[in-house]
Amino acid sequence: MHRAGWLLAMLGFLSLCAPIAGKKGSPARPAFTPTTIRPEAPPPALSTTPPPSPTEPPSTPEPEACAPTPPDALGPFYRPGAPVRSKVGEGFRLEGVVRSSRGCRPLPGARIEFWLAGPDGRYADAYRATVFADERGAYAFESHFPPSYGGRPPHIHIRVTAEGHRVLVTQYYPQPGQTRGQFDLVLVPEERSP
């Protein structure tokens with residue numbers, strides 16, 4: 001029986017009981033009014049939308065903002081014009097997504113420049129590369145594990161440019177023994193003048 005039908009049946013039953021309350025010897029009962037019954041919450045509405053497929057992840061709304069990647073020192077060894085390539089060695093892979101801090105949306109085509117010291121601790125053209133983010137904003141870069149030198153921990157220098165966004169200069173610091181790193185690069189949009 002539907003909840004509404006049950007409620008109507010209950011109202012009918014109570015109306016039959018009301019005359020009994022006025023007889024001698026029976027305790028007085030408060031008058032019944034429809035507002036004295038508080039039905040439970042209505043049943044959930046039936047959805048005509050099928051549940052998500054087990055193979056499809058549920059869609060989640062994009063956040064309104066992502067925290068920008070903290071900048072770090074450019075250092076004295078940056079040189080523009082690094083060759084376009086995604087590999088300058090073996091043993092360590094760095095990957096991630098380039099995003100805008102506004103809306104957290106991917107930035108396809110972002111230019112990412114990498115440079116790091118060689119295994120001997122010296123910077124050289126052989127350890128410089130330029131990679132472009134794909135249509136999802138994703139990038140991947142492979143190198144040797146960067147050495148520490150001059151008291152500095154292992155690090156990879158990164159410079160990112162994307163249309164309509166401020167240039168980001170930062171560094172990634174892998175931990176000893178690490179062979180893979182995940183590093184999303186979040187850029188701040190340029191402020192437009194009115």
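Contact here means heavy atoms within 4.5 Å of each other. Keep that in mind. One more thing before we start: this is a predicted model.

Let's begin with His157. You'll find His157 in strand S5. Is His157 buried or exposed? Its relative accessibility is 3%. The cut-off for buried is under 20%, so His157 counts as buried. What does His157 touch, leaving aside neighbours within four places in sequence? The list includes Ala73, Leu74 and Gly75. Glu113, Phe114 and Trp115 are also among its contacts. The side chains of Tyr123 and His157 are joined by a polar contact of 3.0 Å.

Now the core. Nonpolar side chains tend to be buried together in soluble globular proteins. In this model, the largest nonpolar core has 24 residues. Which residues have the most contacts inside it? They are Val98, Ile112, Phe114, Tyr139, Ile158, Val160 and Leu185. Strands S1, S2, S3, S4, S5, S6 and S8 each give two or more residues to this core.

Take Tyr139 from that group. Again, leave aside neighbours within four places in sequence. Tyr139 is in contact with Val98, Ile112, Phe114 and Leu185, among others. Its contacts also include Gly96, Val131 and Phe183.

Last stop: Cys104. Where is Cys104? Look at the loop between strand S1 (92-100) and strand S2 (111-117). Cys104 is not a glycine, yet its phi is positive, about 60°. Cys104 counts as buried, because its relative accessibility is 7%.

That's my tour. Thanks.

Key
Residues numbered from 1 in each chain as written. Predicted model: local features only at pLDDT ≥ 70, side-chain atom pairs only at ≥ 80, totals over all residues. Heavy atoms only, no water. Helix = DSSP H or I, 4+ residues; strand = E, 2+ residues; numbered from the N terminus. Buried < 20%, exposed > 50% of the residue type's maximum accessible area, 1.4 Å probe, protein only. Core = buried A, V, L, I, M, F, W, Y, C linked by side-chain atoms within 4.5 Å. Polar contact = N/O pair within 3.5 Å; in protein donor to acceptor, adjacent residues only side chain to side chain.
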